[in-house]
Amino acid sequence: MDKILEALVSSSHPLPIKRAIVKKVVEAAEKEVTEEQCQALYHLTARLILQDEDPFQRQVGQQVQEAYARFHRDEFARFLSKEFVLGLLQQGYGSLDRRDPAILDFLHGCLRLLLSCPAVLELAPLLQTEVLRMVCERPETALCAKLATLLTDFPQCVPRDKAAALFCQQLVRTFAHFQCPVGQEAELRRYVTQVSRVATLLQGIWKAEPATLLPSLQEVFAIISSTDPSFEPSIALASLVQHIPLQMITVLIKSLTTDQNVKDASMTQALSRMIDWLSWPLANHIDTWVIALLKGLAAVQKFTILIDVTLLKIELVFDRLWYPIVRQGALAVLSHMLLSFQHSPEAFHLVVPHVVPLVRCLQRDGLPTSKAFLLQFTELIHCMMYQCSGFPDLYDSILEAIKELPKPSEEKVKFVLNQSAWTSQSNSFASGLLRLTGKSETGKTGLVNLGNTCYMNSILQTLFMATDFRRNVLSLHLNGSNTLMKKLQLLFAFLAHTQRAAYAPRNFLEASRPPWFTVGSQQDCSEYLRFLLDRLHEEEKTLRALQTSKPKADSSDADLIDDGAAHSVANTPSRSHPETVDAEDDGRTLVERMFGGRLSTGIRCLQCHSLSEKEEPFTDLSLAFCPSAPQSAVGPCQGAVNGGSENLEGPVKEAQSVERPTAEPALSLSDLVEYFLAPEILEEENCYFCERCGSLQRAERAMRVVAAPEYLILTLLRFSYDATCHVRRKILDNVGIPPRMCLPVHQHHASASTVTAAAASSSSLSSSSSPVAPMDSPESGENLAKKLKPSQREEEEEQKGLPDSGREGGLRGERADVHSVPYVLSSVVMHSGMSSESGHYYSYGRNVSGTDGCAAATTPASPCSRTSETDAGLSNSSQSESCTAPQDVLECGGQNSRDWFLFNDSRVTFTNFQSVQNVTSRFPKDTAYVLIYRKQEVNGQPGGAQGTVNGSRFNAEPPLHKDLMDAITKDNKLFLQEQELNARTRALQAASASCSFRPNGSDDNEPPGSCGPSGGGGGGGFNTVSRLVF
């Protein structure tokens, strides 16, 4: 039969005769046919279908194959064996390549003939493996569409379980390689149909196996966020978006925008490509996903990404309005991008030239859909012209073109603008929180100066910028308590979420001001910081003790303890280190966990070599200036001056003639830390009373850090007491501020015979939160921490190379492992002025966590990673050198970016690390006073630098509790009512201000602490006694 059929189809007989004979052959399929004849016919029909180019011969092969397979199914199942199928998929058929879509068409037809036959189930495992291999080879669109059709009809051939997730990921990766043909409309339609078919297959798999959805979406984001310039993903990926369940938007976007592993460049690339997807026809919900991602980025204050993407893509989105098939989605995205970009008219002005031509086109169109669209578009344009008013030359032609169309009311315009602002997309808040005049372009909130309260404002802003401390405070469950911590939590919540440009912390000032501070007078910010941290620490200890003594008492204040923090941590998603011990297990207060370290003070008698060692907690290190260092201070009898003085003729001139520090600071912060930790000799009038000797003896004393805090607070002792003139003079030395530094931490193994326990380790903080007693009072002993120089006898013995009987062991009767703990700069408080009783405080800050990769990327060659075992003891405790800072490190520290902020009372502006470093060289009276560094993780280094604080670190801002949300919502509504009274005037002022928008304001042109337009006051430009501080 096969020979007859083969001869017939290749003969020259007329086509009707051939068809008649073929009909007879098909009818003969109902009769008995031997196994050999069936197999011969099946092989012949396979060759006719796959290799013959004549349509008639392919048709004959399909008719005969279908007829004989229907009546001889078992024989056909044996023909379609695993070996035959494997050969087709891996080697092709004859001259037909295995990648030819005809192979899959033939296989699909054969499987349809075996529908509901056990043979299909036997082939399923083989096909599952082969289709996965095919997808990994990145098939072209046509072949992939054929494969999708086959798998849609035979879902049992789709890979299962773990292979299913891998198959979906590889299929997504294949999507990225699809190439859109550049040709006729028919080709484009065919391409869209093929892509849609593959997308439908993925949708079916996601529904059947939901576990495959998340890996697929992760693969999509990995592709579109790639910054590889040699690879541009296909826009066909847009067809997948419509199949993602909309109920997953909130979860996915929140997870994506709060993931610290996602770099800004990758997020920018991903968002830009998603906006490009608006060009894909027939794909639904792309605009919904784009807007959700924009809102998510605004909620986490990724304003740099939003600004860059808006300016880059706004014209492309506007261009999509010309195409009716994608017009509605493009308008939704365009509206959100323009309405949220409220700090500058730049984005709107990019599309202004294209508005009139589009309006004219829509008006000429006359279609009902075009008329409805034109009304929506016109409302958007009215809102933008209201927001960016002050440019009549640009808007006259637009107003003329739309003058016949309805104009929205002013109230509606305000509502649309307010609900669309970036600052309205904040975390857990609804988009209806209104804003008329808002924060600066930084997204940060200033603090109102309530009368010489810049000392408090600068400290509060630095604590707020201590990311992990802020997140822990906001996560506490305080349940309506009236504690100082509750007031700090409310203050932090307002700084993060208020719509006001500046917040007035009146309640917190009254609660936190030390009793001895005079209302309305300037105070020492370092003293305030110590008092504040000590209050918070003691308050938490007291409440914890009360709860311990009354475990069943229902006290609202008792929730301040770490149990509440631990619950908040447990309810917060995305913990960095879930395996770490919870905060409630170690018994330390929040202040101890964040700022607490331990300092060991050792004194060794140089006569009997006995060692007395005392370990104390600390929250800050007070760094004195070396007496031998040249100090640019005011004159010997300089009084309190701040731009003006009681005597304007004498001392003021001396102060103004102080030599300007050089561009390169003579001192660095590491020098002061080394000086603080350097050993000193106690001799002559400072001799040490040795209990073993029973008399005054020469001794060696030094301090060393034995436990590093998560946040290292360093206070520069710039105000020294002049006993001659009975005034505190300021040291104006310019101290180099490194973006990163390392602190030597000692882990000692001491001999019992050499150590006398002077004091047991205490878990509580010292009353002054200062490492040593002489520094407790800023009035009495700021420079009593100065180290004494070695005596002349010591120097002579060292020069002669003689053994030092007194220093034979020094403090070396023990072996000490010294490891350097890396820190990255978080914030700096600057003092502008000539005395501690006057002047002005402002601060620089940036968001830094314990796992910032740039700060933790130390190498074995870095000073941060070296360990010393040989030079143990206190003589080697000066290993506090800052990590080397090449250009890439400086960039990491924010020198070339806008991740630094300048907080100057009500005003907050962008700045950079270079401005922080150069401010003293440009304005000699503006000097660094308090610095906060954040401890960083080091790969492979155990211990405290793990980026967690007893399990209380967060990867994202914790959601606000209901009482905080209610308080902020109430205040925002009140703020709206206050602003509506002057709405029109304010709009004009905002437009005028936006015209002169500069990212860094005028910070580089005048002192940040000056009384000029850019400053908060103080610092020394005025010659009036009454304006000492502002």
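Here are a few worked exercises on the structure above.

The model is predicted, so local features need pLDDT of at least 70, side-chain atom pairs count only at pLDDT 80 or more, and totals for chains, interfaces and linings use all residues. Residues are numbered from 1 along each chain as its sequence is written, and side-chain values use heavy atoms, with hydrogens and water left out.

**Exercise 1.** Work out what span helix α19 should have, and find where α19 kinks.

*Solution.* 
- Helices are DSSP runs of H or I with at least four residues, numbered from the N terminus.
- The expected span is 1.5 Å times one less than the number of residues.
- Now the kink: about 45°, centred on Pro-353. The bend is the angle between axes fitted to the seven residues ending at a residue and the seven starting there.

**Exercise 2.** Classify Arg-133 and Glu-130 as buried or exposed or in between, and say how their side chains meet.

*Solution.* 
- The cut-offs: buried is under 20% relative accessible area, exposed is over 50%, and partly exposed is in between (1.4 Å probe, protein chains only).
- Arg-133 is at 22%, so that residue counts as partly exposed.
- Glu-130 is at 4%, so that one counts as buried.
- Their side chains form a salt bridge, 2.7 Å from N to O. The rule asks for a side-chain nitrogen of Lys or Arg within 4 Å of a carboxyl oxygen of Asp or Glu.
- Both residues lie in helix α8 (residues 118-136), three residues apart, about one turn of the helix.

**Exercise 3.** Find which strands the salt bridge between Arg-598 and Glu-615 links.

*Solution.* 
- Start with the contact: N to O is 2.8 Å.
- Strands are DSSP runs of E with at least two residues.
- Arg-598 sits in β3 (residues 597-605) and Glu-615 in β4 (residues 611-618), so this pair, 17 residues apart, links distant parts of the chain.
- Arg-598 is buried because its relative accessible area is 15%, while Glu-615, at 24%, is partly exposed.

**Exercise 4.** Locate Asn-472 and find which backbone oxygen its side chain approaches.

*Solution.* 
- Asn-472 lies in helix α24 (residues 467-475).
- With a relative accessible area of 1%, Asn-472 is buried.
- A polar atom of its side chain lies 2.7 Å from the backbone oxygen of Asp-468.

Terms used: A polar contact is a pair of N or O atoms within 3.5 Å; within protein, one must be able to donate a hydrogen and the other to accept it, and residues adjacent in sequence count only if both atoms are side-chain atoms.
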